[in-house]
Amino acid sequence: MEHTYQYSWIIPFIPLPVPILLGVGLLLFPTATKNLRRVWTFMSIFLLSIVMIFSLYLSIQQIFLSCIHQN
């Protein structure tokens, strides 16, 4: 449990590479990147979904397993 919270700062950075790669791709290869937008969009939504599920899991764990909330 402690390891989970220790590395939870990584959560916001999981979907970050997709927009960065998309922006760099549009700058370097505009025609090729425009054709791959659907793939990039799918990857971005997929990574955001993973982050959302993981964040929800951590929130539920913190609410139900935290000593502060127990009677």
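This is a predicted model: local features need pLDDT of at least 70, side-chain atom pairs count only at pLDDT 80 or more; totals for chains, interfaces and linings use all residues.

Trainee: What is the secondary structure of the protein, and which pattern does it follow along the sequence?

Mentor: The count comes to four helices and zero strands. Read along the sequence, the pattern is therefore written with helix symbols, the helices being numbered from the N terminus. That pattern is α-α-α-α.

Trainee: In which helix is confidence lowest, and in which is it highest?

Mentor: Over the protein, pLDDT averages 76, and 83% of the residues score at least 70. By helix, the lowest mean is 64, in α1. The highest is 83, found in α4.

Trainee: Is Phe-13 buried, partly exposed or exposed?

Mentor: Phe-13 sits in the loop between α1 (2-6) and α2 (17-28). Its relative accessible area is 46%. Buried requires under 20% and exposed requires over 50%. Phe-13 is therefore partly exposed.

Trainee: Is Thr-33 buried or exposed, and which residues is it in contact with beyond its neighbours within four places in sequence?

Mentor: Thr-33 belongs to helix α3 (residues 30-35). Its relative accessibility is 7%, so it counts as buried. With neighbours within four places left aside, its contacts are Leu-22, Gly-25, Leu-26 and Trp-40.

Trainee: How far apart are the C-alpha atoms of Thr-33 and Leu-21?

Mentor: Along the chain, Thr-33 and Leu-21 are 12 residues apart. Their C-alpha separation is 9.7 Å.

Trainee: What is the distance in space between Met-43 and Pro-15, C-alpha to C-alpha?

Mentor: Met-43 is placed in helix α4 (residues 37-65), and it is partly exposed at a relative accessible area of 36%. In sequence, Met-43 and Pro-15 are 28 residues apart. In space, the C-alpha distance between them is 8.5 Å.

Trainee: What share of the contacts with a separation of 6 or more comes from residues 24 or more positions apart?

Mentor: Contact here means heavy atoms within 4.5 Å. Among contacts in the protein with a separation of 6 or more, residues 24 or more positions apart account for 62%.

Trainee: How many aromatic pairs does the structure hold, and why is the pair of Phe-42 and Phe-46 called stacked?

Mentor: The structure holds one aromatic pair. The ring centres of Phe-42 and Phe-46 are 6.2 Å apart, with the planes at 15°. Planes under 30 degrees apart count as stacked. The pair is therefore stacked.

Trainee: Where do Phe-42 and Phe-46 lie, and how accessible is each?

Mentor: Both lie in helix α4, four residues apart, about one turn of the helix. Phe-42 counts as exposed, at 59% relative accessibility. Phe-46 is partly exposed, and its relative accessible area is 47%.

Methods
Residues are numbered from 1 along each chain as its sequence is written. Side-chain values use heavy atoms; hydrogens and water are left out. Helices (H or I, at least four residues) and strands (E, at least two) are DSSP runs, numbered from the N terminus. Buried means under 20% relative accessible area, exposed over 50%, partly exposed in between (1.4 Å probe, protein chains only). pLDDT is the predictor's confidence in each residue, from 0 to 100. Rings of Phe, Tyr and Trp (its six-membered ring) pair if their centres lie within 6.5 Å; planes under 30 degrees apart count as stacked, over 60 as edge-to-face and the rest as tilted.
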